[in-house]
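Subject: The structure I promised you

Hi,

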Amino acid sequence: MRDGYKTVLEFLESDCDVEEEQEHLYNQMASTSKDMKVKETFQNLARAAKGHKDSLKRIIGSIESDDHDVSFYCLVCGWEIDFGKMPSVGNEERCSLCCQKFALVNEDNDYSIKCLPQ
Ligand SMILES: [Fe+2]
């Protein structure tokens, strides 16, 4: 498993499974429906679920191939702090809005950040 993404990958893979189940279910309902409006509705829902599943798989792929920026929201002001691709634990970044300094940490294989003294 990709370092630092344990919980994120668990959620993404679980969501992917749900979208796949929904796609299958909607396709079944579309194929058994005799009403054209209802059939079209289920076909549209199946396409939407497939789109969600494909998007989730792209995100998982970008994480697993290290082509994904590690970023967090500043714990002080909420601005985005980007640690870039494949950062090392202990890397330090400063919030560009409030100037608070943070260090990247790894807690039980999940990236997190901690405030550093100014
Ligand atoms: Fe900030």
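Before anything else, a word on "domains": the domain bounds used here come from an automatic or database domain assignment. With that in mind, the chain splits into domain 1 (6-64) and domain 2 (69-115). Please remember that this is a predicted model. Taken over C-alpha atoms, the centres of the two domains, domain 1 and domain 2, are 32 Å apart.

Start with α1 (6-32) and α2 (36-64). α1 has 27 residues, and from its first C-alpha to its last it reaches 39 Å, close to the 39 Å expected at 1.5 Å a residue. α2 has 29 residues and reaches 41 Å, close to the 42 Å expected at 1.5 Å a residue.

Which residues of α1 are buried? They are Leu9, Leu12, Cys16, Glu19, Glu23, Tyr26 and Ala30, and the buried residues of α1 pack against α2. In α2, the buried residues are Lys39, Phe42, Ala46, Ala49, Lys53, Leu56, Ile60, Ser62 and Ile63. What covers those buried residues of α2 includes α1.

**The iron site**

Now turn to the iron ion. Its protein donors are the SG atoms of Cys74, Cys77, Cys95 and Cys98, lying 2.3 Å from the ion. The angles among the 4 donor atoms run from 103 to 118°, and the site is tetrahedral. Along the chain, the donors follow the spacing C-x2-C-x17-C-x2-C. Distant parts of the chain are linked here: cysteine 74 is in the loop between β1 (69-73) and β2, while cysteine 98 is in the loop between β3 and β4, 24 residues apart.

Cysteine 98 has a relative accessible area of 31%, so it is partly exposed.

Cysteine 77 is in the loop between β1 and β2. At 34% relative accessibility, cysteine 77 counts as partly exposed. Leaving aside neighbours within four places in sequence, cysteine 77 is in contact with Cys95, Leu97 and Cys98.

**Around the loop between β3 and β4**

Cysteine 99 also sits in the loop between β3 and β4. Most residues other than glycine have a negative phi. Cysteine 99, however, has a positive phi of about 70° although it is not a glycine. With 40% relative accessibility, cysteine 99 counts as partly exposed.

Glutamine 100 lies in the loop between β3 (92-94) and β4. At 13% relative accessibility, glutamine 100 counts as buried. Its contacts, leaving aside neighbours within four places in sequence, are Val76, Glu93, Arg94, Cys95, Cys115, Leu116 and Gln118.

There is another positive phi to look at: aspartate 108 has one of about 55° although it is not a glycine. Aspartate 108 is in the loop between β4 and β5, and it is exposed, with a relative accessible area of 59%.

In soluble globular proteins, nonpolar side chains tend to be buried together. The largest nonpolar core here has 16 residues, and those touching the most other members are Tyr5, Val70, Ile81, Phe83, Phe102 and Leu104. The elements giving two or more residues to this core are α1, α2, β2 (80-85), β4 (101-107) and β5 (110-115). At least three residues come from each of domain 1 and domain 2.

Tyrosine 5 is in contact with Ile63, His68, Asp69, Val70, Asn109, Asp110 and Tyr111, leaving aside neighbours within four places in sequence. Phenylalanine 83 lies in strand β2 and counts as buried at 6% relative accessibility. Not counting residues up to four places away in sequence, phenylalanine 83 touches Val70, Phe72, Asn91, Glu92, Glu93, Phe102, Ala103, Leu104 and Ile113. By contrast, aspartate 54 is 29 residues from phenylalanine 83 in sequence and 26 Å from it in space, C-alpha to C-alpha.

Cheers

Methods: Residues are numbered from 1 along each chain as its sequence is written. This is a predicted model: local features need pLDDT of at least 70, side-chain atom pairs count only at pLDDT 80 or more; totals for chains, interfaces and linings use all residues. Side-chain values use heavy atoms; hydrogens and water are left out. A nonpolar core is a set of buried Ala, Val, Leu, Ile, Met, Phe, Trp, Tyr and Cys residues joined through side-chain atoms within 4.5 Å. Buried means under 20% relative accessible area, exposed over 50%, partly exposed in between (1.4 Å probe, protein chains only). Helices (H or I, at least four residues) and strands (E, at least two) are DSSP runs, numbered from the N terminus. Contact means heavy atoms within 4.5 Å. The expected span of a helix is 1.5 Å times one less than its number of residues. Donors are N, O and S atoms within 2.8 Å of the metal (3.2 Å for Na, K and Ca); water is not among the atoms, so sites may look incomplete. Four donors count as tetrahedral if all angles lie between 85 and 135 degrees; four count as square planar and six as octahedral if opposite donors are over 155 degrees apart and all others between 65 and 115; anything else is irregular.
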